[in-house]
Amino acid sequence: MTHVWFRFYGELNDFVRPDRRARRFVHVLRGPASVKDTIEAQGVPHPEVDLIVVNGQAVDFGYLLRDGDRVAVYPPFRSLDLGDVGRVGEPPPEPLRFVLDVHLQKLASLLRLAGFDAEVREDDADIARAGGRDRRVVLTRDLELLKRNEVRWGYWVRTTDPARQFLELVRRYDLAPAARPFTRCLCCNDPLRPAAKEDVIDRLPPRARAEFDEFHTCDSCGRVYWRGSHYQRLRRFLDQALRREGPPLRSSGARRSTSSG
Ligand SMILES: [Zn+2]
């Protein structure tokens with residue numbers, strides 16, 4: 001039998017049995033095994049792993065464990081520049097795009113709200129393929145889905161509240177600089193385009209017709225977007241989540257008239 005010492009670092013401990021968190025423990029192998037399979041057997045999906053160090057040397061996922069090996073497993077550390085040498089985790093795809101399973105529909109809408117391409121798919125095989133060949137980051141709360149071999153980029157969403165989930169991603173993928181708020185349809189993920197009022201007026205409720213002059217529309221579903229009270233609430237949420245100031249609100253309804261003489 002092969003005895004191997006493991007230690008998981010940082011947020012990888014979210015996946016590990018409580019008595020094995022942030023400490024060294026011995027794992028017994030009954031036959032030859034790669035470090036990747038053994039890490040996943042501890043509950044940690046491979047897309048969450050960025051660096052594996054065995055006996056002081058960085059190794060890749062295919063490394064075959066030997067008796068007495070000491071294995072340290074690390075998540076991505078944004079603040080720590082390790083260089084590319086030895087990392088098993090790949091830098092996130094550029095541009096950053098996501099694929100989510102159907103249970104994360106609301107998170108997908110928030111990502112679209114911030115301007116990110118966030119597809120939702122139902123079929124696990126389809127999602128895994130998108131997380132490899134289509135160069136999308138898989139977002140899911142299904143650990144087995146993340147462990148699929150095809151998945152190159154993925155993140156297990158820790159929380160269940162959509163707003164908190166969004167904050168997790170802001171931190172994990174540094175979303176703020178790439179965010180383009182209000183440029184994408186919340187329903188179908190397609191980019192919005194500016195629309196002239198006369199072209200959309202028959203699709204507007206009376207109040208929007210009276211109070212607003214600036215509109216965007218989605219060519220796929222025909223929805224029209226304007227800067228009503230809904231917009232202002234979402235704008236506040238995004239500004240807070242992304243921790244930066246948004247552009248000034250410019251809607252005819254909110255314009256203040258001054259008489260400075
Ligand atoms: Zn749409």
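Which residue stands opposite V71 in β5? The residue is V54. The notes below start from the whole chain and come back to this pair; the model is a predicted one.

1. Overall make-up. The secondary structure of the protein consists of eight helices and twelve strands. The radius of gyration is 23 Å, well over the 18 Å that the globule rule gives for 261 residues, so the protein is more spread out than a compact globule. Taken along the principal axes, the box filled by the C-alpha atoms is roughly 85 × 40 × 30 Å.

2. Burial and contacts. Of the 261 residues in the protein, 30% are buried. Among contacts between residues at least 6 apart in sequence, 58% join residues at least 24 apart.

3. The parallel sheet. Four strands make an open sheet with parallel pairing, in the order β7-β6-β8-β9. Its edge strands are β7 (117–121) and β9 (154–156), each of which pairs on one side only. On average, and with direction ignored, neighbouring strands of this sheet are turned by 25 degrees against each other.

4. The β8 and β9 pairing. Three bridges link strand β8 (residues 137–140) with β9 in the parallel sense. A position to look at here is T140, which stands opposite W156 in β9.

5. A helix across the sheet. Helix α2 (residues 105–113) lies across β6 (97–101), β7 and β8. Relative to β7, helix α2 runs at about 160 degrees.

6. The largest core. The largest nonpolar core has 29 residues, and those with the most contacts inside it are F98, L100, L107, A108, L111, V138 and L139. The elements that each supply at least two residues of this core are β6, α2, β7, α3 (124–130), β8, β9, α5 (162–173) and α8 (229–242). Helix α2 gives the largest share of this core, five residues.

7. What does L111 touch, not counting residues up to four places away in sequence? With those left out, L111 touches F98, F116 and A118.

8. The antiparallel strands. Strand β3 (residues 51–54) runs antiparallel to β5, and four bridges join the two. The opening pair belongs here, as V54 stands opposite V71 in β5. Strand β3 also pairs with strand β4 (residues 57–59), in the antiparallel sense and over three bridges. In that pairing V54 stands opposite Q57 in β4. The hairpin turn. Strands β3 and β4 form a hairpin with two residues between them. In the turn, N55 has a positive phi of about 50 degrees.

9. F77 and D174 are 97 residues apart in sequence, and their C-alpha atoms are 12 Å apart in space.

Key:
Residues numbered from 1 in each chain as written. Predicted model: local features only at pLDDT ≥ 70, side-chain atom pairs only at ≥ 80, totals over all residues. Pairing = 2+ DSSP bridges. Axes fitted to C-alpha atoms, helices over the stretch in contact; angles between N-to-C directions. Contact = placed C-beta atoms within 7 Å. Rg over C-alpha atoms; globule rule 2.2 N^0.38 Å. Buried ≥ 20, exposed ≤ 12 C-beta atoms within 10 Å, placed from the backbone. Core = buried A, V, L, I, M, F, W, Y, C linked by C-beta atoms within 7 Å.
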